[in-house]
Amino acid sequence: MNRFEGKVIIVTGAGSGLGQAATLQIAKEGAKLVLVDLNQAGLDETKKKVQEVAPNAETLLVTANVATESEVENFVNQTVEKFGKIDGFFNNAGIEGKQNLTGDYGIEEFHKVISVNLNGVFYGMKYVLKVMKEQGYGSIVNTASVGGIRGVGNQSGYAASKHGVVGLTRNSAIEYGQYGISIKAIAPGAIMTPMVEGSLRQMGGDNWEEVGKEFVKPNPMRRFGKPEEVGYLVAFLLSNEADFINAAVIPIDGGQSYK
Ligand code: NAD
C-alpha cells in the first residue's frame, strides 16, 4: 500500500515506542516526515530505521519540547516552510510520571505530567489546526490511553491528562469536521515500549520481567501489545481511508477496557 505518497505527516514522540513504530509504518507507505522529540538520540535512531525501510523518505528532524508552546509553534512553522502543508499529525509525545496514591502524589509531578501530556497535545492541535483549516483537509490522531477512559490507579496526573486528551479530541472534532478535518484518539492498553518497561521497573526493580508476566494475566489476550500493532492502527487512522472516523476514541488493548 502507498497511502502516504506525497503526504506530509508530523509525529511527536517519534524517537521511541509508539511514535517510532507509527513513523516506520507510514514511511514505508511513502510519507514525508517531520519527526519531533525531546531526545535527539532517539530521533537519530528513528531516522536510521526509516532509512532501512524507506531509503528515499524525506525527513525533517526537530528536537523540541511539546510542553513549550513556542517550540510547538516552531515545528509547525518549520513543517510548512519545508513541505508547504500538513496532511496528518500524530500528536503522541507523553510521559507517565511517578506512581503514587493520590494523597501522596506530588504537586510538581502532577503539573509536569499535565504540561507534557495535556498542554503539549493542546498546543499541537492549536497550531496544526490553523494550517489544516486553511488547507481544508487533514487528519489528527491524539494518543490518549486506557487510563483516559477508566481508572487505573496510582496515576493521578497521567489519568487526568489522558482524560483531558479525550475531551480535547471530542471538542475539536465537532468544531473542525466542517472544514474537512478529522480528529480521533487512540487509547492503548499496555504496549511493550521503553515507557512500560520503566513503569514495570518502578514496580519490580530487577524483577520487572516477572512483574510484567503477572501484570498481563488479567488481560483477555494474556500479553502486552506490540508497538507495531499500534503503528498499523495509527497509519490507518491518518490515511484517507479513515476520513469519516471523527471524534472517536479507539481502544487498542486486547479487550482490557471492556472487562
Ligand atoms: P516512550 O517513552 O517509548 O516514547 C515517548 C517519546 O516521547 C520519547 O521518545 C520521549 O523522548 C518523547 N517525549 C517525552 N516527553 C516529551 C516532550 N515534552 N516533548 C517531546 N517529546 C517528548 O513511550 P510510548 O509508550 O511510546 O508512549 C507514547 C505515547 O503513548 C504517550 O503519550 C503515552 O502516554 C501513550 N501510551 C502508551 C502506552 C503504552 O503501554 N506504551 C499505553 C497508553 C498510552
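## Overall fold

The chain has 8 helices and 7 strands, and the model that shows them is a predicted one. Along its principal axes, the C-alpha trace of the chain spans about 45 × 40 × 30 Å. A compact globule of 259 residues would have a radius of gyration near 18 Å, and the 17 Å of the chain agrees with this expectation.

## Domains and their contact

The domain assignment divides the chain into domain 1, made of 8-189 + 225-253, and domain 2, made of 196-224. Taken over C-alpha atoms, the centres of domain 1 and domain 2 are separated by 25 Å.

Where the two meet, 4 residues of domain 1 are in contact with 4 residues of domain 2. The side of domain 1 that touches domain 2 has, by class, no nonpolar residues, 3 polar residues and 1 charged residue.

## Helix H4

Helix H4 covers residues 107-135, and a kink of about 35° in H4 is centred on Ser115. At 1.5 Å a residue, the 29 residues of H4 should span 42 Å, and the distance of 41 Å between its end C-alpha atoms agrees with that value. After H4 comes Gly136, whose phi is positive, near 85°.

## Surroundings of the ligand

There are 29 residues around the ligand, and of these Gly13, Gly17, Gly94, Thr193 and Met195 come nearest. The elements that give two or more residues to this shell are helix H1 (17-28), helix H4 (107-135) and helix H6 (194-204), so that the kinked helix described above also takes part in the shell.

By class, the shell around the ligand has 13 nonpolar, 15 polar and 1 charged residues.

Key. Residues are numbered from 1 along each chain as its sequence is written. This is a predicted model: local features need pLDDT of at least 70, side-chain atom pairs count only at pLDDT 80 or more; totals for chains, interfaces and linings use all residues. Domain bounds come from an automatic or database domain assignment. Two residues are in contact if their C-beta atoms, placed from the backbone, lie within 7 Å. Ala, Val, Leu, Ile, Met, Phe, Trp, Tyr, Cys and Pro count as nonpolar, Asp, Glu, Lys and Arg as charged, and the others, Gly among them, as polar. A residue is near a molecule or strand if its C-beta atom, placed from the backbone, lies within 6 Å of it. Helices (H or I, at least four residues) and strands (E, at least two) are DSSP runs, numbered from the N terminus. The expected span of a helix is 1.5 Å times one less than its number of residues. The bend at a residue is the angle between axes fitted to the seven residues ending there and the seven starting there. The radius of gyration is taken over C-alpha atoms; the globule rule is 2.2 Å times the number of residues to the power 0.38.
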